[in-house]
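Visitor: I have a model to look through. Could we go over its core, helices and strands?

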Amino acid sequence: MSILWSSSSLKKLVNANSSKEWEASGVEIDSRKVKKGDLFCAINGKSYNGHDFINSASESGATACLISENLINTKKVTLVRVNNVLDTLERMAKNARMRSKAKFIAVTGSVGKTGTKDMMHLALSKVASTYSNESSYNNHLGVPLSLARVPPNLNYCVLEIGMNKKGEIRQLVKLVKPEVAVLTAIEKSHLEGLKSLKNIADAKSEVLESLEKKGCLILNNDTNFSQYIKSKAKKLGIQNIITYGKGSENNIRLLNFSLSNKKYLVQALCYGKKVSWLMPSLGEHWIHNSLSILGLATYFNIDFTKILGALSSFEVPQGRGNIINLRYNDRCFILIDDSYNSNPASLIASLKSFSKLKVIGKKFLVLGDMLELGKESKEIHKELGIKIEKFQFNVLYTVGKNMFEMSKVLKNIKHKYHEDNLDHIAENILKTIESGDAILLKGSNSINLKEIVKKIINDCEKL
């Protein structure tokens, strides 16, 4: 395993004072995830102080612990003292970016970031050495951590970039310095801080500010404010803009897709050339996001067949629409876990896919509040109630005060229940589930619908 950092390299970079010499093959900020050979960075955060977990990290195999506070009872731990741990992690990130000769790709957008990043990693890995950030490590901690972990001799680095407020993406892309920026969508999310779609478009387009002029913007042309973002890119002098979507004006155009033997055959037109590939039976939005990979292949001059062949084995990230076949006693049913996050656009996309799912039994919906929608949150939920009335489902459970308001709008759903006790929802579903039924769970992450998923799975047998 490659050595990423050592006592000598951190001494040179930030004048770190180590209690003894060490070498690290990884970097971690969560003591629960520490592996043998990691450098554990004791971040002092809002909820936890990493300095409280030094001994735990060392016992898990940390080769050294980066600290900035005075500690006791740590005689067996190799300590690396700096003035500020987070500042040091950012310096490490800058240094790792400066050293790397890889092609850096930044992925942002209101929805679809993680899945698109994961698809790109999978596809690029088929042709060259590729790295991407873990899970959704896309914020002021996750991006520097991901950069500090960048391995040597890398060809491609795909990093997801997120934000909650204006200016966050600007700071993160200064660290990443991408050659390619991928913008998946501008939708209603983070309205609490940003107030309007235009402000969201401005915040997301900050990704363009540190983009190389000879680099490339790959843009979903079907989303809100796409023309506005293209004009921003042109004003910044970005020389390559690749658009994808359903319209004939796009450089990459989705033609059609059809399902056969549990795989989608997707057909698209890429700069006039017809291209096709296979994908698992996921929602239409996953197919749409996969078009961006044709943009990467075009810009980097990669053989389409090599890069697209990988997508037939793509697996949805946990909590983002995973299809799980389960048996409870003698009853077999489908559970779709989309509990990681929710906003108006992603909810409609999930419901659209769920409505197309062919089952012989009932369809259950468990919907949790969509958060960070600001003062208009209640009205946005109620408006969605009107929109989703057309989707056919049989049983609805709502969690959260705004979803309760939404449920009042639905007039044609006979079986609807509001319940904030997640255990009760899981228990009630298992009491009434029958063979051939299907369940979709969708809500913002902190609503914790994943606990319902866990309870149902724990009480069932996976098929």
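This is a predicted model: local features need pLDDT of at least 70, side-chain atom pairs count only at pLDDT 80 or more; totals for chains, interfaces and linings use all residues.

Visitor: Which residues have the most contacts inside the largest nonpolar core?

Guide: They are Ile105, Trp277, Met279, Leu294 and Leu308, in a core of 39 residues. A nonpolar core here is a set of buried Ala, Val, Leu, Ile, Met, Phe, Trp, Tyr and Cys residues joined through side-chain atoms within 4.5 Å. Buried means under 20% relative accessible area, with a 1.4 Å probe and protein chains only.

Visitor: And which helix gives the most to this core?

Guide: Helix H10, residues 284–300, gives the most, with eight residues. Helices are DSSP runs of H or I with at least four residues, strands are runs of E with at least two, and both are numbered from the N terminus.

Visitor: Is H10 enclosed or open?

Guide: Of its 17 residues, 14 are buried, so H10 is largely enclosed by the rest of the structure. Asparagine 301 follows H10 and has a positive phi, near 55°.

Visitor: What is tryptophan 277 in contact with?

Guide: Leaving aside neighbours within four places in sequence, tryptophan 277 is in contact (heavy atoms within 4.5 Å) with residues including Tyr264, Ala268, Leu291, Leu294 and Leu308.

Visitor: Switching to H4, why is it described as largely enclosed?

Guide: Nine of the 12 residues of H4 are buried, so the rest of the structure largely encloses this helix. Among the buried ones are Lys113, Lys117, Met119 and Leu124.

Visitor: Now the strands: how do S15 and S16 pair?

Guide: Strand S15 (residues 263–270) and strand S16 (residues 273–280) pair in the antiparallel sense over eight bridges; pairing requires that DSSP finds at least two bridges between two strands. Alanine 268 stands opposite valine 275 in S16. Their hairpin has two residues between the strands, and tyrosine 271 takes a positive phi near 50° there.

Visitor: What is the strand order in the open sheet of five strands?

Guide: The order is S2-S7-S6-S5-S4, with mixed pairing. The edge strands, S2 (17–18) and S4 (26–28), each pair on one side only. S2 and S7 (residues 79–81) are antiparallel over two bridges, and serine 18 stands opposite valine 80 in S7.

How values were computed
Residues are numbered from 1 along each chain as its sequence is written. Side-chain values use heavy atoms; hydrogens and water are left out. Buried means under 20% relative accessible area, exposed over 50%, partly exposed in between (1.4 Å probe, protein chains only).
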